[in-house]
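Colleague: I would like a close look at a single part of this model, with the cut-offs spelled out as you go.

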Amino acid sequence: MSSTPPPGWYRDPSYPLVERWWDGTAWTDHRRQPETETPQEPLTGPRPAAGRPGRAKVIALTAAGSVLVAAVVTGVVVLARDAGGSGSGAEAKTTAGSSATTTPSASSPSASEPSADDPSVVEDELNGITLPLPDGWVRAENVADDDVVMTTPGTYDCPGDPGLCRHGQVLSRTATTSDASPEALARGDIADAMDTAFDRDGLGSRPFGGVTSHREVKAGTVAVGGRAGYFVRWRVTTAKGPGGYVQSLAFPSSVGSEAPVIVRFAFDAGADGPPLTDMDRITKGIRPIGDPATGGGVGSSIGASR
C-alpha cells in the first residue's frame, strides 16, 4: 500500500539542490533553496517539469518552513505518478530559444491562473498578488520558465541561433533573501534578467547572438500593492535583432511573513515589441489578492521612454 504525504517542501527529484512544493496531489512550480544543510530525501513520485539547467539560481521561497521533516524520516513515501504531467512539445520561451515544457496538473496552484473574480487579471497565489492582463497579452502557456505569468501571443523565428522567440514576457517569483531592501534586490536581479532574456538560454543557444551592451534608462521607488517597492530598467543591445528592455521590480508581499517578491519584465524593442507603458500599467495594477482597491500610490510614477 502506498500513502500520500500532506502538502509541504521536499527535495526536487529533478534537481536535488533545491526543494519543491508538493500540494498533496502533485508537484507545483514553486521552488526554494533548502533551509538546512542536511537535505531531505526526495519523494518517489511524479517528476517535476523540465526547466533551465541553472535552476540553482532560481529565486525561491524563504518564508515557509520545513514542516514535513518527520514525515520524510519515517520512511520512503511512494506517490502515484501524475498522468496529466506530460509535456506538450517544443514551445517558445520569451526572447529565448525553444525548449520542451510540461503542462502542470489541473490541481496544482499556478501563478498564471485567472482570478475567480476578474478574468482580466492573473493570480500569483503563493505571493498573494494579482497582476493585470493588458490588451495584447495572454496567460502563460507552454513556456519553459515555471515563473512566467503572462506573454505576448504567438512566436517568431529568433534572429540569432535557431529557435522560436516571443516579443514579451512577465514573470513573478519570491526572492531568496528576505533581509535585503527592495532596491538591493532589484539591482541584484537585473543583470540575470538581462542574461536570461537576451544573452544565452537554458539550452546554451543565443537567440539574439548575445548581448553587446546595456544602459540604465529608469530606476526608482514605486508603490506596488500599497507597499514601497523599487524598480530598475535597462535598455539592452544585442548582436542580432533590435534588442530589448528588461526591468526588475522588487517589493514586499502582503501575505505571510511578507517575503519580498520580484517581478521581471522582458520586452523586445522596435515596432514589434510591446509598448514600455505596459510595464507601468502592470506595475501600477498589481494588487493584494482580495483587496482590489489597493494599488500604486506615492512614488508610483515611472515614466517610460522608448
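This is a predicted model: local features need pLDDT of at least 70, side-chain atom pairs count only at pLDDT 80 or more; totals for chains, interfaces and linings use all residues.

Is Trp137 buried or exposed, and what is its relative accessible area?

Modeller: Residues are numbered from 1 along each chain as its sequence is written, and side-chain values use heavy atoms, with hydrogens and water left out.

Trp137 is buried, with a relative accessible area of 6%; buried here means under 20% relative accessible area, exposed means over 50%, and partly exposed covers what lies in between, using a 1.4 Å probe and protein chains only. For the aromatic pairs, the rings of Phe, Tyr and Trp (for Trp, the six-membered ring) pair if their centres lie within 6.5 Å, and planes under 30 degrees apart count as stacked, over 60 as edge-to-face and the rest as tilted. By this rule the count comes to 5 aromatic pairs. One of them joins Trp137 and Phe267, with 5.3 Å centre to centre and 45° between the planes, and it is classed as tilted. Trp137 lies in the loop between strand S8 (129–132) and strand S9 (138–139), whereas Phe267 belongs to strand S17, so the pair ties together parts that are 130 residues apart in sequence. Strands in this account are DSSP runs of E with at least two residues, and helices are runs of H or I with at least four, both numbered from the N terminus.

Phe267 is itself buried, at 0% relative accessibility. Its ring also pairs with that of Phe265: the centres are 6.4 Å apart and the planes stand at 70°, so this pair is edge-to-face. Phe265 is buried as well as Phe267, and Trp137, Phe265 and Phe267 form one aromatic cluster.

In strand S8 we find Thr130, which is buried with a relative accessible area of 11%. Leaving out residues up to four places away in sequence, Thr130 touches Val121, Val122, Glu123, Gly285, Ile286, Arg287 and Ile289, where a contact means heavy atoms within 4.5 Å. Apart from its neighbours within four places in sequence, Ser254 is in contact with Gly128, Arg227 and Pro288; from Ser254 to Pro288 the C-alpha distance is 6.4 Å, although they are 34 residues apart in sequence.

His167 lies between strand S12 (164–165) and strand S13 (168–174), and is partly exposed with a relative accessible area of 21%.

As for the setting, the chain has 3 helices and 18 strands, and 49% of its 306 residues count as buried. Among contacts between residues at least 6 apart in sequence, 60% join residues at least 24 apart.
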